[in-house]
Amino acid sequence: MNEHFFQCPYCWEEVSVLLDPSVQQQTYIEDCETCCNPIEFHIEFESNELQVFEARPIEQ
Ligand SMILES: [Zn+2]
């Protein structure tokens, strides 16, 4: 697993997520560790290298 740091789109805190490079394309929702708001992640790997990392707020 790769640890990746990003800024939460809600609270702007730097938080980390664990990414699985064995799955090439991933889209999933996980709550921010700090503010507990749901973030939609879109992640793409190519040859175990992170190509795309997006963390978007979910409209409620
Ligand atoms: Zn947050």
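Is Cys 32 buried or exposed? With a relative accessibility of 3%, Cys 32 counts as buried, because buried means under 20% relative accessible area. Keep in mind as you look around that this is a predicted model.

**The zinc site**

The zinc ion is coordinated by the SG atoms of Cys 8, Cys 11, Cys 32 and Cys 35, at 2.3 Å. Seen from the zinc ion, the four donor atoms subtend angles of 103 to 118 degrees, and therefore the arrangement is tetrahedral. Along the sequence, the donor residues follow the spacing C-x2-C-x20-C-x2-C. Cys 11 and Cys 32 are 21 residues apart, and the pair links distant parts of the chain. Cys 11 lies in the loop between strand E1 (2-7) and strand E2 (14-19), while Cys 32 lies in the loop between strand E3 (25-31) and strand E4 (38-46).

| Residue | Relative accessibility | Class |
|---|---|---|
| Cys 11 | 26% | partly exposed |
| Cys 32 | 3% | buried |
| Met 1 | 66% | exposed |

**The three-stranded sheet**

Now let us turn to the strands. Three of them form an open sheet in the order E3-E4-E5, with antiparallel pairing. E3 and E5 are the edge strands, as each of them pairs on one side only. On average, neighbouring strands of this sheet are turned by 20 degrees against each other, direction ignored. In general, strands of a sheet pair through backbone hydrogen bonds, either parallel or antiparallel.

You can follow one of these pairings residue by residue. E4 and strand E5 (residues 49-57) run antiparallel and are joined by eight bridges. Ile 43 stands opposite Phe 53 in E5, and Phe 45 stands opposite Leu 50 in E5. The hairpin of E4 and E5 has two residues between the strands, and in this hairpin Ser 47 takes a positive phi near 50 degrees.

**The start of the chain**

Finally, have a look at Met 1, in the segment before E1. Which residues does Met 1 touch, leaving aside its neighbours within four places in sequence? Met 1 is in contact with Leu 18, Leu 19, Asp 20 and Pro 21.

Methods
Residues numbered from 1 in each chain as written. Predicted model: local features only at pLDDT ≥ 70, side-chain atom pairs only at ≥ 80, totals over all residues. Heavy atoms only, no water. Donors = N, O, S within 2.8 Å, 3.2 Å for Na, K, Ca; no water. Tetrahedral: all angles 85-135°; square planar, octahedral: opposite > 155°, others 65-115°. Helix = DSSP H or I, 4+ residues; strand = E, 2+ residues; numbered from the N terminus. Buried < 20%, exposed > 50% of the residue type's maximum accessible area, 1.4 Å probe, protein only. Pairing = 2+ DSSP bridges. Contact = heavy atoms within 4.5 Å. Axes fitted to C-alpha atoms, helices over the stretch in contact; angles between N-to-C directions.
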